[in-house]
Amino acid sequence: MPAENEIDPSESLEAFIAGLVRDARKQLGWRQQDLAAKVFSSTTRISAIENGDPPDLKLGRQLDQVLELAGKLTNLLAIRDRVAFRDYAQGFLRDQARARTIHEFSLVVPGLLQTPGYARSIMQLADPGGQTDIEAAVRRRIERQAVFEGPRPPWLWVVLNENALREDMGTKAIMREQIERLLEATQLPYVNVQVLPAHRASVPGSVSLLTSPSGERTAYTEGFGTGRYMVEPADVDRYQRIYDRLHADALGIVESQEIIREALGKHDD
């Protein structure tokens, strides 16, 4: 048996954090709603933490203080962030698969609309040293598109930077196939794509906003080699405002489809 406050090697770090928070709360005689009120969060969020979905560092510090954990939780979250740096998108991808609504701004065609060739080209560009199993990563990305095959596919609204249509990602044949796939997707009733003109102000990364079946909202942002998944309302609201501004500057649905069709001709052999 591990000593008190010592991590059992057979137990995940997430499970240990969940137990730490739950035990400390119960020791103080609080209900989940009591703890939520003390850290200005929601009962749903506290329940998720106690079921293995750790808080971000900001909320972790608040929990550390009110639960009188003397920095233990903050230290564990710092360890988690270092260990899981390459897996920062894991929580986002899990929740994306069950989201009812997805709003996304992207500098490249989003993963849910990518062809295998386009996905492979992006991954090869980001991994010139060949440290990643590219084919396995491509397969996982394409498999996630199965969310559109169920009886209730998510509502997807994409704001796409125009440069994603103009620049070659791989060969012209790969780009042509990708743009054709994009045009096909815009004919689906639950997929909307609006193009942000290249001359409009943008941001240096992607922004994704998810709404779960229960109405919970989360946000994810990703740059080159870094990402952050957010569940706190203040963080989500911040990225909602960024997305709204980009969306306001985007072309309409019909105009965007015309731009996509025009881009198709620019990638002829």
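**Exercise 1.** List the residues that threonine 218 is in contact with, leaving aside neighbours within four places in sequence.

*Solution.* The model is predicted: local features need pLDDT of at least 70 and side-chain atom pairs pLDDT 80 or more, while totals for chains, interfaces and linings use all residues. Residues are numbered from 1 along each chain as its sequence is written, and side-chain values use heavy atoms, without hydrogens and water.

Step 1. Contact means heavy atoms within 4.5 Å. By this criterion threonine 218 is in contact with Ser208, Leu209, Leu210, Tyr229, Met230, Val231 and Val236.

Step 2. Threonine 218 is found in strand S5 (residues 217-222); strands (E, at least two residues) and helices (H or I, at least four) are DSSP runs, numbered from the N terminus.

Step 3. With a relative accessible area of 11%, threonine 218 is buried (buried is under 20%, exposed over 50%, partly exposed in between; 1.4 Å probe, protein chains only).

Step 4. Its side chain makes a polar contact with the side chain of tyrosine 229, at 2.8 Å. A polar contact is a pair of N or O atoms within 3.5 Å; within protein, one must be able to donate a hydrogen and the other to accept it, and residues adjacent in sequence count only if both atoms are side-chain atoms.

**Exercise 2.** Give the strand order of the open sheet, and find which strands stand at its edges.

*Solution.* Step 1. The 6 strands follow the order S3-S2-S1-S4-S5-S6, with mixed pairing; two strands pair if DSSP finds at least two bridges between them.

Step 1. S3 and S6 (227-230) have a single partner strand each, so one side of each is left without a neighbour in the sheet.

Step 2. S5 and S6 run antiparallel and are joined by 4 bridges. Tyrosine 220 stands opposite tyrosine 229 in S6.

Step 3. Helix H11 (residues 233-249) lies across S1, S2, S3, S4, S5 and S6, at about 70 degrees to S5 (angles run from 0 to 180 degrees between N-to-C directions, with axes fitted to C-alpha atoms, for helices over the stretch in contact).
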